[in-house]
Amino acid sequence: MRCFFQVIFKKSFIRLVILLLLINNVHSTAHAQKEAYNWYFGDHAGLSFATEPPTALTNGALVTSEGCASISDENGNLLFYTNGNAVWNKNHQVMDNGTDLHGQSSSTQSALIVKLPGSTTLYYIFTVADQGNANGYEYSIVDMSFNAGAGKVVTKNATILKDYSNASSAFLNSTEALTAAYHKNQTDVWVILHEANVTKFYAYLLTAAGLQAPVISDIGNQKTNLSQCRISPDGKRIALGGYFGSGVDLYDFNSSTGAISNVVPLISGPTNRVYGLSFSPNSKVLYVTDNVARIYQFDLSLSTSTAMINSKYLVGQGSGSYYPQLQLGPDKRLYLAQKDLQYLGIISNPDVIGYGCTFIDNGISLGTQSSKLGLPTFMVNYVTQRPPVVSLGNDTTLCPSAKLILDAGSDNQDADILWNTQQQTQKITVSAPGKYYVDVTRDNIKVSDTIIVSYVSFASLSVPHAYNYCGFAEAPFILDPVFTELQFKWQDGSTTLPYSVTIPGKYIVERFNQNCSVKDTFTVTASCPQEMIIPNLITPNKDGKNETFAIKNIPIPDWSIEIYNRWGTLIYTAEAYQNDWGAQDVSDGLYFYHLKHRNNEQTHKGWVEVLGVVK
């Protein structure tokens with residue numbers, strides 16, 4: 001089946017179909033970039049995307065057979081437009097110093113306008129002459145601060161060098177193709193050119209400091225007579241075609257480095273003459289037009305190059321019947337130039353594979369003006385939303401009890417955010433170790449990032465943290481906690497173990513590991529219990545009286561005990577004596593005890609008689 005395509009119905013019926021499609025298929029422009037809101041192209045034709053559907057503009061001064069470009073400010077107000085040779089300001093008058101640029105209106109993509117990163121007034125116009133023209137690729141600079149905001153061309157026809165170390169190595173031959181998209185940092189801009197007669201791409205990074213030396217990629221099958229060149233909205237792919245039989249190549253693009261790689265020849269063979277190219281808003285579909293205005297679709301979401309090549313699908317044929325350019329609009333529809341006609345074709349749902357993409361030949365009226373072969377060339381991110389940029393930072397290790405705020409980015413507030421914790425907020429707070437990731441989706445483009453959060457661990461000290469001690473007059477109290485950390489200090493700066501306590505109080509040891517620390521507090525109280533009274537007779541006869549070796553006033557559990565029989569055999573021991581030895585499994589007789597304080601050297605030795613054991 002083909003996409004919906006109709007040319008035989010009467011005009012009134014066609015208009016009804018268009019109206020119904022617009023009512024039932026509303027495309028919001030609320031989140032699009034407004035730099036592409038005003039189009040001027042063809043023979044005095046234009047469109048304003050400030051309305052839904054777009055409104056025909058008939059006040060333009062531009063005439064071009066193919067290439068052109070226009071630019072608006074961030075609020076959608078027209079700034080200027082050009083056919084590559086002359087520049088017209090927002091008042092549709094030739095801009096100050098705005099003539100004799102070296103782009104040519106018969107060049108496929110004769111001009112491309114990019115705002116200088118970090119500037120509020122400076123715009124670069126990249127121009128390209130006809131195939132084989134000696135002027136090649138050049139740029140001019142417009143400063144909008146001149147002439148009360150009407151602008152002035154302050155630099156004109158500066159040659160773009162392919163080798164900055166060699167001032168004479170200018171492009172001598174152009175291929176009529178150029179495109180641009182944001183660097184991965186979403187601030188700087190990659191401008192992509194192609195040298196004639198070879199297979200070399202040149203990726204120039206435009207920064208606040210100006211145009212940088214190019215990244216050169218020698219790849220693919222395209223050499224000369226090129227059609228449109230496009231970067232996908234997600235910045236990951238480039239498409240380039242040739243209208244004299246070199247087909248269409250698809251490449252991977254690294255928006256961090258500017259490198260182009262992994263060519264896939266989607267269309268090849270000398271009879272395949274292509275001209276128009278455009279990616280869908282979600283970057284998963286590529287549209288191609290040929291020399292008789294047929295429109296083809298390729299599914300780029302497929303996993304193999306063979307599957308992508310075989311997904312070629314005939315969408316329809318424009319009634320312009322000649323090489324037509326394609327251009328994505330801020331309303332997420334795809335527009336088709338119709339040579340010498342007073343309307344453009346529209347693909348209403350370019351993200352949809354197959355019939356549902358809905359091609360309308362007589363898609364939008366241009367009023368009294370007419371289309372030619374070309375439509376304005378834009379940096380792709382002026383037409384669609386910038387791809388989300390997400391950076392959770394490097395994997396990190398936190399100190400105990402610390403919390404970490406993870407931020408999906410303030411620039412993504414209008415995107416769909418989903419963390420693996422199922423939270424959907426821009427920021428989340430984590431307080432446990434683990435792997436955290438976030439998916440950020442805007443305009444069907446999803447970007448993800450992952451961070452691993454770890455925590456420094458400290459083992460708990462397996463000793464009491466509170467002590468009563470009575471012997472300060474005779475000897476200090478000794479604190480000797482055991483731990484594995486090599487770095488530590490007490491509250492007075494001491495770094496010794498064991499630690500001598502000479503007066504009651506609170507004592508703190510701080511342990512260190514990987515710039516983290518943990519503190520343990522020990523409380524030592526001066527408390528002299530009543531004198532212990534140790535019995536010398538117990539009668540475990542089951543009458544409930546004097547059944548155990550119960551030492552009166554013993555501070556439990558500060559003492560350990562060992563009990564021996566008269567032959568010196570150890571018959572009972574306890575690390576923290578609880579007054580619970582009841583002469584189990586022994587006979588009447590004398591037994592000898594050895595009491596030892598668990599935290600100092602105090603001891604008591606003596607004997608106890610066991611009488612009346614009931615077995």
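Asp-520 is buried, with a relative accessible area of 11%, where buried denotes under 20% relative accessible area, exposed over 50% and partly exposed the range in between (1.4 Å probe, protein chains only). The model is a predicted one, in which local features need pLDDT of at least 70 and side-chain atom pairs count only at pLDDT 80 or more, whereas totals for chains, interfaces and linings use all residues. Residues are numbered from 1 along each chain as its sequence is written, and side-chain values use heavy atoms, with hydrogens and water left out.

The partner of Asp-520 in a salt bridge is Arg-511, with the closest N and O atoms 2.9 Å apart; a salt bridge is here a side-chain nitrogen of Lys or Arg within 4 Å of a carboxyl oxygen of Asp or Glu. Arg-511 is likewise buried, at 2% relative accessibility. Salt bridges that share partners also join Glu-52, Asp-331 and Arg-333 into one network, and the structure holds seven salt bridges. Among them is the contact between the side chains of Arg-294 and Asp-290 (2.7 Å, N to O), in which Arg-294 is partly exposed at 33% relative accessible area and Asp-290 is buried at 6%. Another links Lys-339 to Asp-340, with 2.8 Å between the closest N and O atoms; Lys-339 is partly exposed at 31% relative accessibility, as is Asp-340 at 40%.

One disulfide is counted, a disulfide being a pair of cysteine sulfur atoms within 2.5 Å. The bond joins Cys-399 to Cys-516, with an S to S distance of 1.9 Å, and links distant parts of the chain, 117 residues apart: Cys-399 lies in the loop between strand E28 (396–398) and strand E29 (404–407), and Cys-516 in strand E39 (residues 516–526). Strands (E, at least two residues) are DSSP runs, numbered from the N terminus. Because the torsion about the S-S bond of Cys-399 and Cys-516 is about -85 degrees, the disulfide is left-handed. Cys-399 is partly exposed at 27% relative accessible area, whereas Cys-516 is buried at 2%. The sulfur of Cys-68 has its closest cysteine sulfur in Cys-229, 17 Å away and therefore too far for a bond; Cys-68 is buried at 0%, and Cys-229 is buried at 3%.

Strand E5 (residues 78–82) is joined to E6 by three bridges, and Tyr-81 has Trp-88 in E6 as its bridge partner.

Conventions. Helices (H or I, at least four residues) and strands (E, at least two) are DSSP runs, numbered from the N terminus. Two strands pair if DSSP finds at least two bridges between them.
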